[in-house]
Amino acid sequence: MPQETAAPPPTSLPVDTAPGKPPVVHAPGRGGITAASDWLAARRAEVRTELLRRGHLLIRGLPLTDAASFAALRDVLVDERAAYQEKATPRSDYGFGVYSSTDLPAVQPIRLHNENSYTLDFPGLLLFGCVEAPEEGGATTVADVREVLRALPDDLVTRFRTTGWLLTRNYYREAGLPWTTSFATDSRDEVEAYCASRLTGCAWTGRNGLRTVQRRSAVVTHPVTGEEVWFNHAAFWSRWSLEEEVRDVLETTFGADGMPFDTAYGDGAALSEQEIRVINAAYDAATRRERWQPGDLLLVDNILSAHGRDAFRGQREILVAMGEPVPLSACAPTVEPAAAASH
């Protein structure tokens, strides 16, 4: 059962809201990074409270121009950095614990998801900073997953609440990231030890392939607010979320059971195309977007909000940092995590 919720107290922070857009706080827009850091530090408690209330918050007008200035602002808000585990997409490392948000092609939109929902601990806070805004598109989309959960049919939520969700990954050099990149090692022994410690089933396939399977809770409770949320990659990595042509190519190349990513109910039962459409429609209805401007800092509570990316045209440089790691065990999972046997 969900815990009793505790609404964050009101703050005096001026927050602009508009339909279809994330809430915005305007910084003074003058002075250098030291002055901006001081301004942010003086409002840190109110910023974090508003983030709990709203799930995401855009701060506009900061002197954020590179990885160093972004890291300085991050350090005002974050007490502990969080690692990017079991990597799934390519990123560039800028140092300072700062990365590119993603290096996936500009034409490829990224569906909404909660970062590292499939691991046993995950970032509680994500920070995105705009150094260069694209000519067109490229918004980092956000959606309150409390709202997503409320929009889903009761029978679908009940089944996920009871069984959890299952993630199967097949690692290839030809599609996605190879396991050596995802696990940051070329040692099979280290991968096996990691998977064993992280309740993830693994089996070596082919000449140098890897298959992992893990069961996780699809619904969790925010450890501070006590609110239940929809927290998973069940639709994000479903074969039914792929374009038909892409799905056909992957199934032809790797076989129906060899998709680089696929999901199911936690008991192994298949998810239907219609069920995935319903989940994606709930995400779409909750989506908020704002066109990036240089100096923007977007804060995302990773448990309360999902995030994604629109396709874009032109140069785009969005930085990301992760902080405040949260163990799954602190989030009242409705299903205990488990390593599912590979086959």
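Let us start with an open sheet of four strands, which follow one another in the order β5-β17-β8-β15 with antiparallel pairing. The strands β5 (110-113) and β15 (287-288) lie at its edges with a single partner strand each, so one side of each has no neighbour in the sheet. Strands here are DSSP runs of E with at least two residues, helices are runs of H or I with at least four, and both are numbered from the N terminus. Two strands count as paired if DSSP finds at least two bridges between them.

Before going further, a word on the model: it is predicted, with local features needing pLDDT of at least 70 and side-chain atom pairs counting only at pLDDT 80 or more, while totals for chains, interfaces and linings use all residues. Residues are numbered from 1 along each chain as its sequence is written, and side-chain values use heavy atoms, leaving out hydrogens and water.

Next, turn to strand β11, which covers residues 209-216 and has seven of its eight residues buried; buried means under 20% relative accessible area, with exposed over 50% and partly exposed in between, using a 1.4 Å probe and protein chains only. Seven bridges tie β11 to the antiparallel strand β9 (residues 165-171), and here Leu-167 has Gln-214 of β11 as its bridge partner. Strand β10 (residues 201-205) also runs antiparallel to β11, with five bridges between them; Cys-202 is partnered with Thr-212 in β11. Three residues separate β10 from β11 in a hairpin, and Gly-206 in the turn has a positive phi of about 55°. A further antiparallel partner of β11 is β20 (residues 338-339), joined by two bridges, where Arg-215 stands opposite Ala-338.

Now for some helices. Helix α1 (residues 33-42) and helix α3 (residues 67-77) have axes that come within 9 Å and cross at roughly 20°. The axes are lines fitted to C-alpha atoms over the stretch in contact, and angles run from 0 to 180 degrees between N-to-C directions. That crossing angle makes α1 roughly parallel to α3, a label for angles under 35 degrees. On the α1 side the contact (heavy atoms within 4.5 Å) involves Ile-33, Ala-36, Ser-37, Leu-40 and Ala-41, and on the α3 side Ser-69, Ala-72, Leu-73, Val-76 and Leu-77. By class, this contact has eight nonpolar, two polar and no charged residues; Ala, Val, Leu, Ile, Met, Phe, Trp, Tyr, Cys and Pro count as nonpolar, Asp, Glu, Lys and Arg as charged, and the others, Gly among them, as polar.

Leu-299 belongs to strand β16 (residues 297-301) and is buried, with a relative accessible area of 1%. Although 175 residues separate Leu-299 from Gly-124 in sequence, their C-alpha atoms are 11 Å apart in space.

Finally, look at Glu-135 in the loop between β6 (121-132) and β7 (136-137). Leaving out residues up to four places away in sequence, Glu-135 touches Arg-291, Arg-313 and Gly-314. Val-148 is 13 residues away from Glu-135 along the chain, and 30 Å separates their C-alpha atoms.

Methods. Angles under 35 degrees count as roughly parallel, over 145 as roughly antiparallel, 65 to 115 as roughly perpendicular and the rest as oblique.
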